[in-house]
Amino acid sequence: MENNNTREPASPRDSRSGTLPHKRTSPQRDGAATRQARQGRPAPASQAGRRVSPQNKPVSRTGGPVSPTGGPNARREKPRPPQNRRPARSTDKLHRTPGEVRPGSRLSFGHETAIDKDTVRFAALGGLEEIGRNMSFFEYGDEIVIIDAGIQFPEEETPGIDYIIPNVSYLEPKKKNVKALIVTHAHFDHIGAIPYIIGKIGNPPIYTTPLAREMILKRQAEFVNAPKLDIRTIKDGDVMRLSENFEAEFFGVSHSVPDTTGVILKTPVGNMATFADFKIETDIEGKPVSLEGLEKIAKKDIHTIFLDSTNAESVGWSPSERLIEKNLEDLFKKVEGRIIVGIFSTLISRIGEIIKIAEKLDRKVVFSGRSIKENTEIARNLGYVKVKSGTIISPEEVSKYDDRKILILSTGAQGESNASLMKIVTGEHKHLRIKPGDSIVFSSSVIPGNERSVQGLKDNLVRQGAMIYHYKMLDIHTTGHASQGEIKTILSVVKPKFFIPIHGYLFMRTVNARNGVEAGVKKENIFLPDNGQFVSMKKDEVKLTNDEIPADYVMVDGLGVGDVGEVVLRDRRLLAQEGMIVIIATVSRRDGKLVKNPDIISRGFIYLKENQKILDDIRIKIRDIVGRLPHDQTVDSDYLKTLFRDQIGQFVYSKTYRRPMVLPVIIEI
């Protein structure tokens, strides 16, 4: 998809080694302790993010026992609004009707209902409770076919994380059963996880289109120790035998990146159709160009259809790309100075059209940003982008031309600090600067969560004399995802027996379920599974099961894969919200008395030079704590650390109403 996951993922931080660590699991985002509490069972301390002492007493994250009164270090986080945590599921009624979520239970990993020969099972490892991380599979007997393997970009709740990938721990012991990985298109929320998971799932053949193939290979080249890929190129209309019981027929769909393919997966129980990320191509007046392809699919007797829910809330039809191109051309004609277009590097089709407009208006085109340059070069080599000789110039050559002859295509429309457009604005770019009279065109929507950074970028541009145009002012951007009109059209033409909305948060998928009802699909034939929940499919029946597999976040942080879990993230959030105090106390090993005045270091809590009074008060409190210890025996460092954490934490809270992390350091001499 183009509006939330088209940023270029960072390369591995040590490109010399390309090492891929083999740690793969992280605590579930909706922790086991939370789920067990919902079911009325006490949560084991180990599942709740705490260690347990030999005496079965809870141990805090920094090593000492938790205060029996539940002191400030027992619960350090400020209350936060509920996140996208999923309610547990019903055990009495397996089918969730559209718009309804029922509480219930989750079964532990390892429990599986026996798979009979009349059943195909479907499960998603991502993409059903978020935007991104799209990965799902179909299983029949000892055969598995996977659809996509994408990444999700970090959220506010995952500070410091590069991106999030699917958990493939269920597939690893079954990697001999994985017969194929089908990749629908070249966006990173569908291909980005391949270097991390491909070896773990047995390095199966990858079936995909030419553009996606080249993008996958480009990404794979950054991981020198990753296995060599077996990529088999497909095109619209191809039929591929994947295994004894699975056959795939591919059909082209329209999206914001060329070469996007839908798939009809022929299984022993019926034909499953997934449309990937899609929209219906329309003319400049918004009328469908052709529904002939849908009519062909309708003749395939579709058992279950899987449709993207990203834009399911939008009424009507998505604006035509032809209209966007016309509006961009009209805008460019009016501009006197340089034009700088901020755009996603994977919007290949629009990049190609902008280049055509530039050639028509006799402007030279400059690429600013590695990813946009590389992606366009790949598209040129495959024939998706046509460029006349002499159109493209380097950033170094810009000064040789009149401003009215320059159009710059740049990454960074989301205000990313390390992207090209931000470097131009801040003066860090080697060859390009903003100058009065420049026109900045944001040919992209704002990804949720990026509003502040985009606003800051716009303000900086205006301060330097630039004019700004964006999608709220003119129709200069359209989504690559179907709106309600397109979704209902597909359902009414194809007439599937069953419908499973995919790709999006639960609310988005619930709205899409309503679209299905309005398009004529029976309410009882629409299903809303969660990530990791198996869907059982028979010839005339589909139902949600209680069988579940791990589908929690696996977080990539630098070269670490899966080694950052909920406890680490909790501490990162706490440090960001409240800061920390480090107490360094030097005590005598013989009698436990303080040898010197305690040192106090604060980061993110208070500025010590301007808060000497509280600093002195903390030192007095430390002396008081140490002074009350018995001095006729050796000091117990762990016990003293616990006293510092709890009592200093409570003391600081009483003075400031803040709960910084207290890190005691005891030096015995």
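**Burial and helix packing in the predicted model**

Of the 669 residues in the chain, 56% are buried, where buried means under 20% relative accessible area, exposed over 50% and partly exposed in between, with a 1.4 Å probe and protein chains only. The structure is a predicted model, in which local features need pLDDT of at least 70, side-chain atom pairs count only at pLDDT 80 or more, and totals for chains, interfaces and linings use all residues. Residues are numbered from 1 along each chain as its sequence is written, and side-chain values use heavy atoms, with hydrogens and water left out. The chain contains 15 helices and 28 strands; helices (H or I, at least four residues) and strands (E, at least two) are DSSP runs, numbered from the N terminus. Among contacts (heavy atoms within 4.5 Å) with a separation of 6 or more, 72% join residues 24 or more positions apart.

Helix H8 (residues 370-382) packs with helix H4 (residues 210-220) at an angle of about 140°, the two axes being 10 Å apart. Axes are lines fitted to C-alpha atoms, for helices over the stretch in contact, and angles run from 0 to 180 degrees between N-to-C directions. H4 is therefore oblique to H8, given that angles under 35 degrees count as roughly parallel, over 145 as roughly antiparallel, 65 to 115 as roughly perpendicular and the rest as oblique. On the H4 side, the residues that meet H8 are Pro 210, Leu 211, Glu 214, Met 215 and Lys 218; their partners in H8 are Glu 374, Asn 375, Ile 378 and Leu 382. By class, this contact of H4 with H8 comprises 5 nonpolar, 1 polar and 3 charged residues. In this classification, Ala, Val, Leu, Ile, Met, Phe, Trp, Tyr, Cys and Pro count as nonpolar, Asp, Glu, Lys and Arg as charged, and the others, Gly among them, as polar.

Helix H7 (residues 348-360) also packs with H8, at an angle of about 85° and with the axes 10 Å apart. H7 and H8 are therefore roughly perpendicular to each other. Ile 348, Ile 351 and Ile 355 of H7 make this contact with Ile 372, Asn 375, Thr 376 and Ala 379 of H8. The residues of the contact of H7 with H8 divide into 5 nonpolar, 2 polar and no charged.

Pro 258 lies in the loop between strand E11 (247-252) and strand E12 (261-267). With a relative accessibility of 13%, Pro 258 counts as buried. Leaving aside neighbours within four places in sequence, Pro 258 is in contact with Leu 211, Ile 348, Ser 349 and Tyr 384. Pro 258 and Ala 379 are 121 residues apart in sequence, yet their C-alpha atoms are 8.9 Å apart in space.

Arg 133 is buried, at 1% relative accessible area, and Asn 134 is buried at 3%. The side chain of Asn 134 forms a polar contact of 3.3 Å with that of His 190. Asn 134 also touches residues including Ile 147, Asp 148 and His 503.

Helix H11 (residues 484-494) is largely enclosed by the rest of the structure, because 8 of its 11 residues are buried. Among the elements covering these buried residues are helix H5 (292-298) and helix H12 (506-518). Just after H11, Lys 495 takes a positive phi of about 55°.

Conventions. A polar contact is a pair of N or O atoms within 3.5 Å; within protein, one must be able to donate a hydrogen and the other to accept it, and residues adjacent in sequence count only if both atoms are side-chain atoms.
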